[in-house]
Amino acid sequence: MDESSKDNDSEMSETANVVPDSRISPQLSTFSGVDGVSKISDAMKQQMAQMKLVGQVSSVYAPVAKAIQQNAAGMQQTLQRISLNAYPGLGLGSSAVEFVNALNNLNPMVGVELQNQISRIASVENSYFKNQLGDISSAASKVGFNNFSTAAFEAALNSIGGVQRAAYSRPTETPEYYSEAMNSPADYFDPYAQEISDVDSLHRAISKLAKVSDGSPLVWRGQGDASWGLHSKLFRHLMDQNGVQNPTEHPHNKQPYPTETQMVQAEDTMLRLARDSWRLGNMPALEIFARIQHFGGPTRLLDATRNPYIAAWFAVQECDDKTDGRLFALATTPAGGDPPHNLSLETQKADPFWFQFSDIQRRPLIEWGTGSRRIIWVPPVYESRIAAQDAVFILDGTPITTSKVLRHFEIPRAINNGRRQYWKRPDILAAASIYVKMSHPNIKPRSNQLGLAPTYNFRIKASAKESIRDYLTKSLGYTVAAIYPDLPGLARHVNQLTFSSLKDIEAENS
């Protein structure tokens, strides 16, 4: 028996004595004790009976709630078939028990969130739903229960998420040429950038964005060179391996950027090496990736921080003072969107949850690689620098591009000779390894049809780096030792030092 089966057995036994809710139990009681309907588990029925939806869902979503209530048996069977262990990190929990408990304790936005949850399950497993509902309907009829309405349930499910599904219906990963307007990743960011010229403008920019973002949680990342893209180290590693040329080289050939399948295969190789050769068999996948990242290895984890001034420190500390830096602020949800995903359950899993979604046809259905549901992981303090940097990791799939999606990424006409054109797939990937829908930090972002979360950026002038670094060091105490308070940090710093030469020593002794 595998570990997931043990977990499910344990969870079912814990709920064996749950008393079904009176509003749902009449429908479920028809199945109680019936021999021959082996696929319907009593424990699962009791779990689904805990879904006290009626009276708790706003009237706007009452039809959805009613459809679920009327088809509770179908819902529980489908959950059993799908096995929610495949969907942690998407707010579904690691089991039906946790899913049910989450529904019972949802906030007043239960209707909206419930729609999203159902959409993800139904979209990904649409064929399973239809087959299972049909099987259960037949089983119900055989035991004299003829009021099982699959049509109402399917109608409620099919009405959700139609716009998003249609936009990603024909994804492509075919290499293409860069657009004429793409000469550097900076061309993608600069039209939306605000300039930082001194410490005061840094303060004003951070304060202003807090108001513009309207309380939406932000995570920050600083980069020492404004011409760099926003890429994870694994994505950069595969770019080099594939022979991708930076747009600054003005290549005349199609660019073979990494795909999600290539990313997943690389991660799978790393995990197998870690567990077989390095004997880390009991360590969860995310912890392995976090530790590999810590020691400079390539992972898809994109380093960020919840502290804008720490991000600014990285922007002025890296590179020299002759190069502009860049400060990014990434919204964790779309304008007016739901809270970011919670990965607390996922941190103990042997395999990353996104391994289930590597197929390009399935990924958009659960918003992996769409830019609308960035996952922000606040890791445990595996190493002291995680706490020192208030570090988080950004998780998302490789951007899924279609002609409909790219229409939301218009090239600013000011850099495109006034023409109305859209960035291409290689342009998007030259800029970032995840979707970044740029928004100006002085303008409140508007919601969009695809639910793309906004990204803001600030260009820190090279002439401002020294004064900002002095302020961060002297006023806030941000030194190399404070940001990297571990032995690897010391070793890295020592490697960059220039020691006294023989001539210097001789001069001192003469």
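1. L497 is partly exposed, with a relative accessible area of 40%, where partly exposed lies between buried (under 20% relative accessible area) and exposed (over 50%), computed with a 1.4 Å probe and protein chains only. L497 sits in the loop between α22 (487-495) and α23 (502-509); helices here are DSSP runs of H or I with at least four residues, strands are runs of E with at least two, and both are numbered from the N terminus.

2. This is a predicted model, in which local features need pLDDT of at least 70 and side-chain atom pairs count only at pLDDT 80 or more, while totals for chains, interfaces and linings use all residues. Residues are numbered from 1 along each chain as its sequence is written, and side-chain values use heavy atoms, with hydrogens and water left out.

3. L497 also belongs to a nonpolar surface patch together with L487, L490, V494 and F499, and the accessible area of this patch is about 510 Å². Such patches are made of residues with over 30% relative accessible area and no salt bridge, nonpolar side chains (Val, Leu, Ile, Met, Phe, Trp, Tyr) being joined within 5 Å and like charges within 9 Å; a salt bridge is a side-chain nitrogen of Lys or Arg within 4 Å of a carboxyl oxygen of Asp or Glu. Accessible areas come from the Shrake-Rupley method with a 1.4 Å probe, and for residues only the protein chains shown count as cover.

4. Strand β4 (residues 325-331) is mostly covered, with 7 of its 7 residues buried. On one side these are G325, L327, A329 and A331, and on the other R326, F328 and L330, so that both faces are covered.

5. Strand β4 runs antiparallel to β2 (residues 218-223), to which 6 bridges join it, and A331 is the bridge partner of L218. Strand β8 (residues 454-460) is likewise antiparallel to β4 and joined to it by 6 bridges, with R326 standing opposite R459. Two strands pair if DSSP finds at least two bridges between them.

6. The protein chain holds 23 helices and 8 strands, and 51% of its 510 residues count as buried. Among contacts (heavy atoms within 4.5 Å) between residues at least 6 apart in sequence, 80% join residues at least 24 apart.

7. The mean pLDDT, the predictor's confidence in each residue from 0 to 100, is 74 for the protein chain, and 65% of its residues reach 70 or more. Over residues 71-137 the pLDDT is below 50, although this stretch has 160 contacts in the model beyond near neighbours in sequence. Residues 139-162 also have pLDDT below 50, with 42 such contacts.
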